[in-house]
Amino acid sequence: MTPLSTRMRPSGLDEFFGQRHFLYKGSLLYNSIKNKNFESAIFFGPSGTGKTTLARIIVKEMGADFYELNATTSGLKDLKAVLDEARVKTFGVEKKKVYLYVDEFHRWNKLQQDALLLALEEGVVNFIGSTTENPYFAINNAVLSRVRAVYEFRRLSKEDVVKILKSAISNQERGLGKLGLTYEEEALSMIAERSDGDVRVALDTLGFIAENMEGKEISLKLAGEAMQRQTSFYDKSEDKYNLLSALQKSIRGSDPDAAVHYLARLISADADVMTIGRRLMVIASEDIGMAYPQAISIVTSCVTASQMVGFPEARIMLSQAVILLASSPKSNSGICAIDMALEDLKSRKIDDIPAHLKDTHYSGAEKLGRGIGYKYPHEFGGWVEQQYLPDNLYKEGVKYYNPSDHGQEVAFKNYLDNLGKDNKK
């Protein structure tokens, strides 16, 4: 039976979910497809985020001929055969626009990648390559320079994946609509979270459940069986957030024992590494911050290591991060500073940037009064008194950063407090 992910593959731009940072109605990419002047591109990002799907949609919208190769199974011979056919279609009687899509393009070696260059220069084909590796490291510069743009695909949000799952359940033609299935919201939520933004995994898990379940309801228990996971973490969404809240408040209160307890409850309830890790990285900056600035680097390293090794060993790195955070001095000066600054921008009129701070790296800047009178601090021993805030904030003596007396932040506080004192003696 055809996998559900294949059956539900979007056939047009209006069905395509995700990647709203570059593809939305009215965006340059969207308009280039609709205006039929899209040329070549590299699609870069994780599996299951829509790279192949979008390539096929583009070619369909363009009304062009399409060749598709996979670099894991195709080589120079296959590429040469495609280019020979494309040359006839492009420059022959048909005068057709031809697109070549190469999946996993980074798997071709330099010689194979370079075989495309002449065809790209001559306009034999328009090229779309997809890769899960950073193209600036994995693809030859010569190829990159002949491709107009690199589009980075991001993992789909949980909300987008849930919408796609619901669409598959209700779709009568290509999905599961004829089965008359119902579902528990927690079941779809679990599948979406556990698929980690990979729509193919999410849909095929849903398809597996639908093909093998007894009854009509897709329950949390069935989702747990399909993904071989416990389901207690997803039973009640408020429990999840209560546990994360208790973890953060225990860390904020410098109680490592309570913090480890709530970490253990999260792990026992089968919370995934990134659900825990994201909260720990926020805590490192929100609650520890400048009192121990290195905390964010250490915690990020612990979370990254946890992802690499997975459970059960991931519990060790996560425990280290939790104990470090709970045992560290605390300061919320960072979050307070940025929130106060953002609130001022929303609620009041702010004067322009002082002229002496404006960019001077262009001809005519001096005539506009840009940069005149700016004092370069390094020429004055590292600090010199001058105005940086906009006029009205400067005159009011506005302060956003108010350092605490905790941990390493004392040193930053003393440094700022003592600036200029030598010049005032």
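The structure is a predicted model, in which local features need pLDDT of at least 70 and side-chain atom pairs count only at pLDDT 80 or more, while totals for chains, interfaces and linings use all residues. Residues are numbered from 1 along each chain as its sequence is written, and side-chain values use heavy atoms, with hydrogens and water left out.

## The sheet

Five strands, in the order E2-E3-E4-E1-E5, make up an open sheet whose pairing is parallel. At its edges are strand E2 (65–70) and strand E5 (149–152), each of which pairs on one side only. From one strand to the next, the twist averages 15°. Helices (H or I, at least four residues) and strands (E, at least two) are DSSP runs numbered from the N terminus, and two strands are taken to pair if DSSP finds at least two bridges between them. Axes are lines fitted to C-alpha atoms, for helices over the stretch in contact, and angles run from 0 to 180 degrees between N-to-C directions.

Strand E1 (residues 41–44) pairs with strand E4 (residues 126–131) in the parallel sense over four bridges, and E1 also pairs with E5 in the parallel sense over four bridges. On the E4 side, Ile42 stands opposite Gly129 and Phe44 stands opposite Thr131, whereas in E5 the bridge partner of Phe43 is Tyr151. In a regular strand the side chains alternate between the two faces of the sheet. In E1, Ala41 and Phe43 point one way and Ile42 and Phe44 the other way, and all are buried, where buried means under 20% relative accessible area, exposed means over 50%, and partly exposed lies in between (1.4 Å probe, protein chains only).

Helix H3 (residues 51–62) lies across E1, E2, strand E3 (98–103) and E4, and runs at about 175° to E3. Helix H4 (residues 76–91) also packs on the sheet, where H4 touches E2 and E3 and its direction makes about 170° with that of E2; contact here means heavy atoms within 4.5 Å.

Helix H10 (residues 185–194) is mostly covered, with eight of its ten residues buried.

## Salt bridges

A search of the whole structure finds 24 salt bridges, each defined as a side-chain nitrogen of Lys or Arg within 4 Å of a carboxyl oxygen of Asp or Glu. Three of them are set out below.

| Pair | Closest N to O distance |
|---|---|
| Asp196 and Arg155 | 3.8 Å |
| Lys358 and Asp352 | 2.6 Å |

Asp196 is partly exposed, because its relative accessible area is 43%, and Arg155 counts as partly exposed at 44%.

In the salt bridge of Lys358 with Asp352, Asp352 is partly exposed, with a relative accessible area of 48%. Elsewhere, salt bridges that share partners join Asp65, Lys89 and Lys96 into one network.

## Surface residues

Ile338, Leu342 and Leu345 form a nonpolar patch on the surface, and together they have about 300 Å² of accessible area. Such patches are made of residues with over 30% relative accessible area and no salt bridge, like charges being joined within 9 Å and nonpolar side chains (Val, Leu, Ile, Met, Phe, Trp, Tyr) within 5 Å; accessible areas come from the Shrake-Rupley method with a 1.4 Å probe, and for residues only the protein chains shown count as cover. Leu342 is placed in helix H18 (residues 333–347) and counts as partly exposed, at 44% relative accessibility.

Gly381 is found in the loop between H18 and helix H19 (391–396), and at 78% relative accessibility Gly381 counts as exposed. The C-alpha atoms of Gly381 and Ser306 are separated by 44 Å, and these two residues are 75 residues apart along the chain.
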